[in-house]
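Hi everyone, thanks for coming. Let me put the model up on the screen, and then we can walk through it together.

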Amino acid sequence: MELRRVVVTGLGALTPIGNTKDEYWDALISGKSGAAPITYFDTEKFKTKFACELKNFNATDFLDRKEARKMDRFTQYAMVASDEAIADSKLDLDKINKLRVGVIWGAGIGGLETFQQEVLNFADGDGTPRFNPFFIPKMIADIAPGNISIKHGFMGPNYTTVSACASSANAMIDALNTIRLGHCDVVVTGGSEAAVTIAGMGGFNAMHALSTRNESPETASRPFDATRDGFVLGEGAGAIILEDYEHAKARGAKIYAEVIGGGLSSDAYHMTAPHPDGIGVIAVMKNCLENAGIQPEEVDHINTHGTSTPLGDVAELKAISEVFGDHAKNISINSTKSMTGHLLGAAGAIESIASILAMEHGMVPPTINHEVVDENIDPELNLTLNKAQKRDVKVAMSNTFGFGGHNACVLFKKLD
Amino acid sequence: MSDIASRVKAIIVDKLGVDENEVVTEASFTNDLGADSLDTVELIMEFEKEFDIQIPDDQAENIATVGQAISYIEGAK
């Protein structure tokens with residue numbers, strides 16, 4: 001059977017640097033950092049006292065109070081971003097066949113704050129298990145797409161993919177293949193995360209995964225800089241409407257880009273450390289190129305996983321050089337995590353949106369906070385340091401890698 | 001309105017997100033105030049916490065309206 005072509009027809013973003021797709025883009029090209037001291041809880045005894053929280057976000061501006069109360073923040077974010085993407089797609093929800101609309105979402109953790117709060121309440125009590133009846137349905141990672149489908153009546157495939165920081169890239173690839181195979185006309189995909197909590201910060205700190213640059217939060221996320229010391233935790237959501245190309249064309253939809261391929265692989269090596277030779281990362285980019293049926297030389301932009309960790313950044317760039325050879329130096333490489341922080345299960349979605357908007361605007365957002373050259377990085381690579389660069393992006397790749405050794409890679413192409 | 005009645009109504013307004021005027025004595029949680037099965041369980045738990053009482057499940061099943069909640073709690077205190 002012939003695979004259907006799949007295009008992007010709607011975008012929504014709720015990020016630490018902008019609460020809509022347009023605000024997000026403006027912040028990306030101006031090189032704005034989303035990092036600041038944590039406001040959600042007292043960080044006095046925490047090693048890391050900052051994160052990329054959302055700014056000026058009140059769930060009740062978007063959801064009624066009763067509805068909002070039954071949702072963990074990761075679901076609230078999902079509702080807001082998916083509403084923006086659905087509106088942006090201009091889909092007429094009264095006309096489309098909702099049996100053929102799916103929601104495939106990504107979340108690395110799910111309702112961590114809900115879990116934390118319920119367990120704290122129990123620990124404060126006399127041993128009587130007074131758990132809230134909404135505890136489990138608020139916490140489970142699949143409730144975000146569940147709620148999106150309930151709100152809009154989308155009755156197609158509905159689930160969450162969980163692969164840590166690769167979760168939303170996994171979701172997009174499943175969405176791509178679901179439409180390719182003709183099971184759906186439209187899939188609402190993307191991901192959301194809300195792990196800036198006591199348990200989230202404490203847990204990642206215990207792994208020595210987070211930057212501890214408390215004296216300068218806004219410069220702490222510094223991918224590819226020699227003095228990088230870990231990632232900065234972020235939160236938010238990205239939503240992407242994927243649609244069958246013929247379906248989109250028939251309704252005269254605005255088409256942002258075509259999704260031409262997805263790649264998946266596993267390091268099969270260590271729970272959290274990247275493979276030193278990057279074999280899984282090399283494999284995922286090769287898989288993705290092969291799945292898309294294009295040559296490495298056609299790729300002109302890569303939004304890296306680039307989390308600002310000492311080992312991961314170098315391993316990824318080495319893998320890019322291995323896969324792309326001499327062409328690697330022609331690619332506009334960046335890490336927008338330098339601005340947004342690391343949104344875990346939402347990272348693949350918001351970074352894909354950054355790449356899609358880079359195509360639309362002919363401009364690649366920068367990797368900010370670069371000060372000190374890392375001698376382990378090939379100086380010929382163009383890492384889009386500190387300032388956005390004009391570039392007519394025709395093919396863009398988005399990489400994400402998750403704890404557990406999960407690697408996912410997506411390729412987007414500008415339609416002629 | 002008794003102190004218990006006003007506290008019960010405040011909990012219902014808060015948890016069910018309804019207008020205070022709708023929370024009349026004969027109003028049913030599910031039929032009139034839009035509660036689902038989980039909301040009802042949560043309401044019972046909030047009454048237990050607010051009034052420091054235990055409401056066994058077989059008793060909770062009989063508390064379906066605002067008035068029934070108030071009289072149960074008045075009897076239990």
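Let me start with a term: a salt bridge here is a side-chain nitrogen of Lys or Arg within 4 Å of a carboxyl oxygen of Asp or Glu. B:R7 and B:E50 make one, with their closest N and O atoms 2.9 Å apart. B:R7 sits in helix α1 (residues 3-16) of chain B and B:E50 in helix α2 of chain B, so this pair ties together parts that are 43 residues apart in sequence. Helices (H or I, at least four residues) and strands (E, at least two) are DSSP runs, numbered from the N terminus.

Some housekeeping before I go on. This is a predicted model, where local features need pLDDT of at least 70 and side-chain atom pairs count only at pLDDT 80 or more, while totals for chains, interfaces and linings use all residues. Residues are numbered from 1 along each chain as its sequence is written, chains are lettered from A and ligands numbered from 1 in the order in which they are written, and side-chain values use heavy atoms, with hydrogens and water left out.

Back to our pair: are its members buried or exposed? Buried means under 20% relative accessible area, exposed over 50%, and partly exposed in between, with a 1.4 Å probe and protein chains only. B:R7 is partly exposed because its relative accessible area is 27%, and B:E50 is partly exposed at 36%.

Now compare a pair in chain A. A:R251 bridges to A:E243, with the closest N and O atoms 2.7 Å apart. Here A:R251 is partly exposed, at 27% relative accessible area, whereas A:E243 is buried, at 0%.

Over all chains, the rule gives 30 salt bridges. How many salt bridges lie across the interface of chain A and chain B? The rule finds 6 there. One example is A:K70 with B:D39, whose closest N and O atoms are 2.8 Å apart. That pair runs from the loop between α2 (65-69) and α3 (73-89) of chain A to helix α2 (residues 37-51) of chain B. Both A:K70 and B:D39 are buried. B:D39 also bridges to A:K66, this time with 3.9 Å between the closest N and O atoms. And there is a network of salt bridges linking A:R65, B:D14, B:K15, B:E46 and B:K49.

Staying with the interface, 10 residues of chain A are in contact (heavy atoms within 4.5 Å) with 15 residues of chain B. The two chains bury about 1100 Å² between them, 44% of it on carbon and sulfur atoms. Buried area is the accessible area (1.4 Å probe) that two parts lose on being put together, summed over both. On the chain A side, A:K66, A:R130 and A:P133 lose the most area to chain B, together 49% of what that side buries.

Let's finish inside chain A. In soluble globular proteins, nonpolar side chains tend to be buried together. A nonpolar core, for us, is a set of buried Ala, Val, Leu, Ile, Met, Phe, Trp, Tyr and Cys residues joined through side-chain atoms within 4.5 Å. The largest has 42 residues, and A:V8, A:L11, A:Y24, A:L242, A:V259 and A:F412 have the most contacts inside it. Among the elements giving it two or more residues are β1, β7 (236-244), β8 (257-266) and β14 (406-413) of chain A. Leaving aside neighbours within four places in sequence, A:V259 touches several residues, including A:V8, A:L176, A:L242 and A:F412.
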